[in-house]
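Take a walk through this protein chain, one element at a time. Keep the sequence beside the model as you read.

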Amino acid sequence: MESLQKTLPEYFQRAGWTVEKVLPFTNSVMFEVKKGFLEKATIHFQGAPQDLTLEVDGSGEAMDVAEAALTDSCDNPAALVGYKEQKKIEQQEVVKNIVGMFGPHAQAASAQPMTVEKEVVMIPCKYCGALMDDTATVCPNCGAKRTL
Ligand SMILES: [Zn+2]
């Protein structure tokens, strides 16, 4: 934790960021960083080195810098990588579920018990991609008429 309080600002400075504020709390630290006039981010991390949570509010580049600092100063970088991999797997699962609902395996669902029919089926809008209720006639996001 203490090492990260030093490491994180160093990483940001090396990447061309200015550390505006460091706010240490009992079990967490918050940093406010900025780059140029436009890019700004708030980094908040907490927990023990084995169980860190990192939140980055703002630029995606700030997230990368914060992650690099974390990985390098973490006592157990493997755990952190594991956490990141887990996030990736979760995202893939979501994609798989969507493919499963609308893709070639859609028939498999109809072979299941009757309760399946009562579930609200969400379909993606052809224009904006927002998910909408199967019974909706227009997209609640963009207002386009449903064509499926
Ligand atoms: Zn739409």
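Start with one pair of residues. Lys 34 stands opposite Lys 40 in β3. Before going further, two notes on the model. Residues are numbered from 1 along each chain as its sequence is written. The model is predicted: local features need pLDDT of at least 70, side-chain atom pairs count only at pLDDT 80 or more, and totals for chains, interfaces and linings use all residues.

Strand β2 (residues 28-35) pairs with strand β3 (residues 39-46) in the antiparallel sense, over 8 bridges. Strands here are DSSP runs of E with at least two residues, helices are runs of H or I with at least four, and both are numbered from the N terminus. Two strands pair if DSSP finds at least two bridges between them. The hairpin has 3 residues between its strands, and Gly 36 takes a positive phi near 60° there.

Now move to the next strand. β3 is joined to β4 (residues 53-58) by 6 bridges, and these two run antiparallel. Here His 44 has Glu 55 in β4 as its bridge partner.

Step back to the sheet. It is open, with 4 strands in the order β1-β2-β3-β4 and antiparallel pairing. β1 (18-24) and β4 stand at the edges with a single partner strand each, so one side of each is left without a neighbour in the sheet. From one strand to the next, the twist averages 15°. Helix α2 packs on this sheet and touches β2, β3 and β4. Its direction makes about 155° with that of β4. Such angles run from 0 to 180 degrees between N-to-C directions, and the axes are lines fitted to C-alpha atoms, for helices over the stretch in contact.

How does α2 present itself? Ala 62, Val 65, Ala 66, Ala 69 and Leu 70 are buried in this helix. Buried means 20 or more other C-beta atoms within 10 Å of the residue's own; exposed means 12 or fewer, partly exposed lies in between, and C-beta atoms are placed from the backbone. Seen down the axis of α2, the buried residues fall within an arc of 135°, so they line one face of the helix. The arc is taken from the directions from the helix axis to the C-beta atoms.

The largest nonpolar core has 16 residues. Such a core is a set of buried Ala, Val, Leu, Ile, Met, Phe, Trp, Tyr and Cys residues joined through C-beta atoms within 7 Å. Among the members that touch the most others are Leu 8, Val 33, Ile 43 and Val 65. α1 (2-14), β2, β3 and α2 each give two or more residues to this core. α2 gives the most, with 5 residues. Leaving out residues up to four places away in sequence, Val 65 touches Tyr 11, Phe 12, Ala 15 and Trp 17. Contact means C-beta atoms, placed from the backbone, within 7 Å.

Finish further along the chain. Arg 146 sits in the segment after β6 (131-133). Arg 146 is partly exposed, with 16 other C-beta atoms within 10 Å. Its C-alpha atom is separated by 7.0 Å from that of Cys 125, 21 residues apart along the chain.

Definitions and conventions. Contact = placed C-beta atoms within 7 Å.
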